[in-house]
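Subject: Handover of a structure and summary of findings

Dear colleague,

Please find below the structure that I am handing over to you.

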Amino acid sequence: MKTPKKKIAGVSLSLLLLGVTLHPALAQDDPVSSVSAFDKSLLNWYNLDPVQDNVQGASVNRAYKELLVNKKPKKTIVVAVIDSGVDIFHEDLKGKIWTNTKEVAGNGQDDDNNGYVDDVHGWGFLGNAQGENIRYETYEYVRLLRKLAPTYQNVSSISEVPLAQQPEYKTYLRSKEAYEKQLANYQKTRATLADFEQSLLAVQAVLAEHLKTKEFTLEDVKRISSKDPNVMRARQWMMGTQSQGLTPDAFYKYKEHVDTFLDKHLNLEFNPRAVIADNPESITDRKYGNNDVAGPRPNHGTPVSGLIAGVRGNNLGIDGIAEDVQIMALRAVPEGDERDKDIALAIRYAVDNGAHIINMSFGKGFSPQKQFVDEAVKYAESKNVLLVHAAGNEASNNDEVPHYPTRTLENGSQIRSWIEVGATSKALGKDLVGSFSNYGKQTVDLFAPGVDIVSLAPQNQYNKMDGTSFSTPVVSGVAALVWSHYPELTAAELKDVLLKSVNTYPKETALSPSDKPEARKKIKLSELSVTGGLVNAYNALVLAEKVVSAKKAKS
């Protein structure tokens, strides 16, 4: 899942000073061991109430205090988190991880005969039985270009292509355009960073010679006083860049990110799928993966899980939203674009193993095996499973540019138990809607907290992040909370309750999402989503009580 354009490995927007366009691939600062490192106003704000706290949270705390006191949940809700991996041993997820009770841990046998050996807490679809795992992948348009270029690279006009192949040719052209645009952007960025690095090394050399040490701090630089103009220019340059947040360490982390993007995500020769040795275009080729649910990059799935199920009131870190909930960890999202086949099989695994809700904080612009995912989500709908999906972080209109997977199937029908989620911040006003968030009056159902979110990081750490990746689990958490108390609701009814109970502001406007500040215009919230509202747990529980009471009265 590509997350938004705010901070990359500690690099602030000061990178714009270099003329660098930040790619929405990382949205986290460096993790810390305690939430005390963060501004207190950011901690658990997604749980607060718009009226009582004057914060545009999901009204979770109010729901517990006023509606759920001495009220026990009727059902434990299992939420499948299809993501990059989950640190199931995080201190703030203790007791919240789903266990397959039909499987004997570590015996190397498929005890429950579900096709997955030792799947005690879920399954990893990005590895093999020898424990080798995929971390990096190309983007889907790179894979498509690699596949289709031999057939179409010498075609100059669509008139040269047989009618039956013209849709594929158009896909080739779209893939080529996307690839060439990103490649040019990142090659330019790499060149810019190389120029900056030369300046950085020259400045460091001047300062090191003056200070008689290569190990110096910004405070050491500030204290420099010299009649040598070269030394003073070096001092001014270093202080200027660091005052904007562009430290040498942050610069090199961003440089590494750019190198990874070019060497992995945009590399036509890079094919990590060889590790799995399957045919990714065959849904029947299913004997792959392993029971490593954390994998090499649990830094995305772990915060997602924390927002849904982080232990409330333990004074360790954050408070998740739902209490009577378990997380089923399904690793299917690499750094790069996920494969349709892996997502389809992960959805089927979740359904077959008892998940009630599937959280999908990922997405991409191309879906060559969409039929695999379509059949899987239809299956989930038929089994009364709620699907909650992130709208995406490209600041684009999903009504016009699809963000896959989608609830709309190839035949035009729609999945009724699907919720699409955009991201909002903590305060009303021009910045309420995340500048990165995708939107859509027909395709995005509602918005939820997804800006400046503090959640879990692997190895008992915590982090601050942005993205619809994190607004989505807020909605999944609210759904799990409501369903645990009102299991009489069907998945479609639960969706209806969540959408009809949103907090709305008919007179409020915000700036429309865009990666170009000058392009952001005032717009009513009703123009950005189906409901024009923000998820609200308190309202949802009140409405759920009415709906269930009405159902009982009819029966």
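A helix axis is here a line fitted to C-alpha atoms over the stretch in contact, and the angle between two axes runs from 0 to 180 degrees between their N-to-C directions. Please note also that the model is predicted.

Helix H11 covers residues 491–500 and helix H12 covers residues 537–554; their axes come within 9 Å and cross at roughly 135 degrees. Angles over 145 degrees count as roughly antiparallel and those from 65 to 115 as roughly perpendicular. The angle therefore makes H11 oblique to H12. The crossing of H11 past H12 is right-handed. On the H11 side, the contact is made by Glu493, Val497, Leu498 and Lys500, and on the H12 side by Ala540, Leu543, Ala544, Val547 and Lys551. Sorted by class, this contact has 6 nonpolar and 3 charged residues, with no polar ones.

By class, the contact of H3 with H6 has 13 nonpolar, 4 polar and 5 charged residues.

One residue of that contact deserves a separate remark. Leu201 is located in helix H3. Its relative accessibility is 45%, so Leu201 counts as partly exposed. Between the C-alpha atoms of Leu201 and Gly354 the separation is 56 Å, and the two residues are 153 positions apart along the chain.

Turning to the chain as a whole, it contains 12 helices and 13 strands. The chain is as compact as a globular protein of its length, because its radius of gyration of 24 Å is close to the 24 Å that the globule rule gives for 555 residues. The C-alpha trace spans about 90 × 65 × 55 Å along its principal axes. Of the 555 residues, 55% are buried. Among contacts in the chain with a separation of 6 or more, 76% are between residues 24 or more positions apart.

- Tyr404 and Pro405 are joined by a cis peptide bond, with omega at about 0 degrees. Pro405 is placed in the loop between strand E5 (386–390) and strand E6 (418–424).
- Lys212 is a residue other than glycine with a positive phi, near 60 degrees. This residue is found in the loop between H3 and helix H4 (218–222). With a relative accessibility of 71%, Lys212 counts as exposed.
- Ala277 likewise has a positive phi, near 60 degrees, in a residue other than glycine. Ala277 lies in the loop between H6 and helix H7 (301–309). Its relative accessible area is 63%, so Ala277 is exposed.

Yours sincerely

Notes:
Residues are numbered from 1 along each chain as its sequence is written. This is a predicted model: local features need pLDDT of at least 70, side-chain atom pairs count only at pLDDT 80 or more; totals for chains, interfaces and linings use all residues. Side-chain values use heavy atoms; hydrogens and water are left out. Ala, Val, Leu, Ile, Met, Phe, Trp, Tyr, Cys and Pro count as nonpolar, Asp, Glu, Lys and Arg as charged, and the others, Gly among them, as polar. Helices (H or I, at least four residues) and strands (E, at least two) are DSSP runs, numbered from the N terminus. The radius of gyration is taken over C-alpha atoms; the globule rule is 2.2 Å times the number of residues to the power 0.38. Buried means under 20% relative accessible area, exposed over 50%, partly exposed in between (1.4 Å probe, protein chains only). Contact means heavy atoms within 4.5 Å. Angles under 35 degrees count as roughly parallel, over 145 as roughly antiparallel, 65 to 115 as roughly perpendicular and the rest as oblique. A crossing is left-handed if the near helix is turned anticlockwise from the far one by less than a right angle, and right-handed if clockwise.
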